[in-house]
Amino acid sequence: MSELDVQISSAFDPFAEANAEDSSAGTKEYVHVRTQQRNGRKSLTTVQGLKKEFSYNKILKDLKKEFCCNGTVVQDPELGQVIQLQGDQRKNVSTFLVQAGIVKKENIKIHGF
């Protein structure tokens, strides 16, 4: 019995390695490009996960000019700032972000394909 008590009272944490691995695995930040269906054939494209040092309004202005669509920047309590564009612009936005050097191609996740 005394040996068992000694083993239980030891300060061994079996989840210490798993927690350390999770913290290093989460360092890769992704930019998520999604589409949301509105009514009928209308849809919205949302872009979230851009770094905070970028000016969302300038990126939005260039996206609107490039793709001839309207858009806005929305403040979400959970996700932070999200860019919304009219229409299904997933492929266009992903190629624009890569060509502009804002995000690397492997850090973009396009949802809905």
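Lys-109 lies over the face of Tyr-30, at 4.6 Å from the ring centre. Like everything below, this contact is read from a predicted model.

From there, let us turn to the rings that pair with one another. A search of the whole structure finds one aromatic pair. A pair of this kind is described by the distance of the centres and the angle of the planes. Here the partners are Phe-67 and Phe-96, whose ring centres are 6.1 Å apart; their planes stand at 75 degrees, so the arrangement is edge-to-face. Phe-67 belongs to helix α3 and Phe-96 to helix α4 (residues 90-99), so the pair ties together parts that are 29 residues apart in sequence. Phe-67 counts as buried, and Phe-96 is buried too.

Next, the sheet. Five strands form an open sheet in the order β3-β4-β2-β1-β5, and their pairing is mixed. At the edges stand β3 (71-76) and β5 (108-110); each has a single partner strand, so one side of each is left without a neighbour in the sheet. From one strand to the next, the twist averages 25 degrees.

The partner of β3 is worth a look. Strands β3 and β4 (residues 80-86) run antiparallel and are joined by six bridges. Within this pairing, Val-73 stands opposite Ile-83 in β4. Helix α3 (residues 56-67) packs on the sheet, where it touches both β3 and β4, and its direction makes about 10 degrees with that of β4.

What about the cysteines: how many disulfides does the count come to? It comes to zero. For Cys-68, the nearest cysteine sulfur is that of Cys-69, 7.8 Å away.

Are Cys-68 and Cys-69 buried or exposed? Cys-68 counts as exposed, at 71% relative accessibility, whereas Cys-69 counts as buried, at 14%.

| Residue | Relative accessibility | Class |
|---|---|---|
| Phe-67 | 17% | buried |
| Phe-96 | 16% | buried |
| Cys-68 | 71% | exposed |
| Cys-69 | 14% | buried |

Methods: Residues are numbered from 1 along each chain as its sequence is written. This is a predicted model: local features need pLDDT of at least 70, side-chain atom pairs count only at pLDDT 80 or more; totals for chains, interfaces and linings use all residues. Side-chain values use heavy atoms; hydrogens and water are left out. Two strands pair if DSSP finds at least two bridges between them. Helices (H or I, at least four residues) and strands (E, at least two) are DSSP runs, numbered from the N terminus. Axes are lines fitted to C-alpha atoms, for helices over the stretch in contact, and angles run from 0 to 180 degrees between N-to-C directions. Contact means heavy atoms within 4.5 Å. A disulfide is a pair of cysteine sulfur atoms within 2.5 Å. Buried means under 20% relative accessible area, exposed over 50%, partly exposed in between (1.4 Å probe, protein chains only). Rings of Phe, Tyr and Trp (its six-membered ring) pair if their centres lie within 6.5 Å; planes under 30 degrees apart count as stacked, over 60 as edge-to-face and the rest as tilted. A charge sits over a ring if NZ of Lys or CZ of Arg is within 6 Å of the ring centre and within 35 degrees of the ring normal.
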